[in-house]
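Hi everyone, thanks for coming. Let me put the sequence and the model up on the screen, and then we'll walk through them together.

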Amino acid sequence: MIKLNNVSKVFFPHTPNEVLALNNINLHIKPGDFITVIGSNGAGKTTLLKVISGAETVNEGRLTLAGKDITACPEHERAADIGRIDQNPLAGTAAEMTIEENLALAFLRGKKRGLGQAVNESRRQCFRQALAETRLGLEKRLQAPVGTLSGGQRQALALVMATLALPKLLLLDEHTAALDPQAARQIMALTAHLVQTKNLTTVMITHNMEHALRFGNRLIMMHRGRIILDLAGEEKAQLTVPQLIEKFSAASGEDFADDRVLLETVHQNNVVA
Ligand SMILES: Nc1ncnc2c1ncn2[C@@H]1O[C@H](COP(=O)(O)OP(=O)(O)OP(=O)(O)O)[C@@H](O)[C@H]1O
Ligand SMILES: [Mg+2]
C-alpha cells in the first residue's frame, strides 16, 4: 500500500536550529492495517503523517502509494487517496459553510467537477446516511453552518468527510486530544466503526496508551525521529500499558517523556486515588 524508504526530514537544515525530525524511516503500511502510533514529545509523529499526506516534503528517501512514486506529489494531488485529520476541530471543516456544503467539498476531493452538481437530492440522501453513522443527529442538520457545531460534532463531521470517498489511507493525528472525555469517547467509537465497516487502512497517533493498545492491529513507537518499536498481531494484543512503557525504555534507553501520556496512564491505572 504505502511504503516509506529511507525517509528523512530536517527542519532548518545547516543552521544552529537544525532538527532531524525523521531519521531514516522505513515503513510499509499494508492494506487493512490499523496502526496506532505513540511516542515521546517531539518524536516526529506529526511530521511522519505530514510527509505521508504531502503537507511536508522529505529531504531524503522515497514514498510510494500502491506502487506509484508519490515523493514529489503535492498534498492536493494526494488528497484524493489520503485523508488526514488533526487535533484541532476547527481545521478539518469550513465554519462558514453548511454541513452539506462541507460534505460536497469532501465528495469532490480529487474529482474535477463543480460544487453545484454535487448537492442534489440523491447526493443529500447519501450525506444523510453517512451522517447518521455518527449517531449525533447531524443528518437532520444538513443546512446548519458548521460554525454552530460543538468540537466533537465537528470532529465527527471531519471523520465523515475524510472517509466519504473511501481514501486509500486515513491519517489521524491525536484527533480526540482537544475534546472533552465524553466527546473523545464518541469520536473513538465512530473512528473504530468507520475503520472497520469501510475497511480503511489507518494510521492513528494517540497520546493514550490504552487506546494505542486497544485499537488497531499494529503499534508503532517513535523516539527522536526513529521507529523504535513495531508490534503487530498477538504480540500487540497481549501487551499491557506497563509492559509497553518498559519496552519503550528498553528500546530507547530513556524514560518515556510525555506528560500527557503518563498522566493519562496513571489516571487509567488508578495509581493515584
Ligand atoms: N514546521 C516545523 N519547523 C521547525 N521544526 C519543526 C516543525 N515541525 C516540527 N518540528 C520539530 O520536529 C520535531 C518533531 O516534531 P513533531 O511535531 O513531528 O513531533 P510529535 O511527535 O508530533 O510531538 P508531539 O507529541 O508533541 O505532538 C520537533 O523537534 C519539532 O520541534
Ligand atoms: Mg504531534
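So, what radius of gyration would a compact globule with 273 residues have, and what does the protein have? The globule would be near 19 Å, and the protein has 19 Å, which agrees; the radius is taken over C-alpha atoms, and the rule is 2.2 Å times the number of residues to the power 0.38.

Some housekeeping. This is a predicted model, where local features need pLDDT of at least 70, side-chain atom pairs count only at pLDDT 80 or more, and totals for chains, interfaces and linings use all residues. Residues are numbered from 1 along each chain as its sequence is written, while chains are lettered from A and ligands numbered from 1 in the order in which they are written.

Now the ligand. Around ligand 1 you'll find, among others, Phe 11, Val 19, Lys 45 and Thr 46, where near means a C-beta atom, placed from the backbone, within 6 Å. Helix H1 (45-53) and strand E2 (19-29) each supply at least two residues of that shell, and H1 gives the most, with three. Helices are DSSP runs of H or I with at least four residues, strands runs of E with at least two, numbered from the N terminus.
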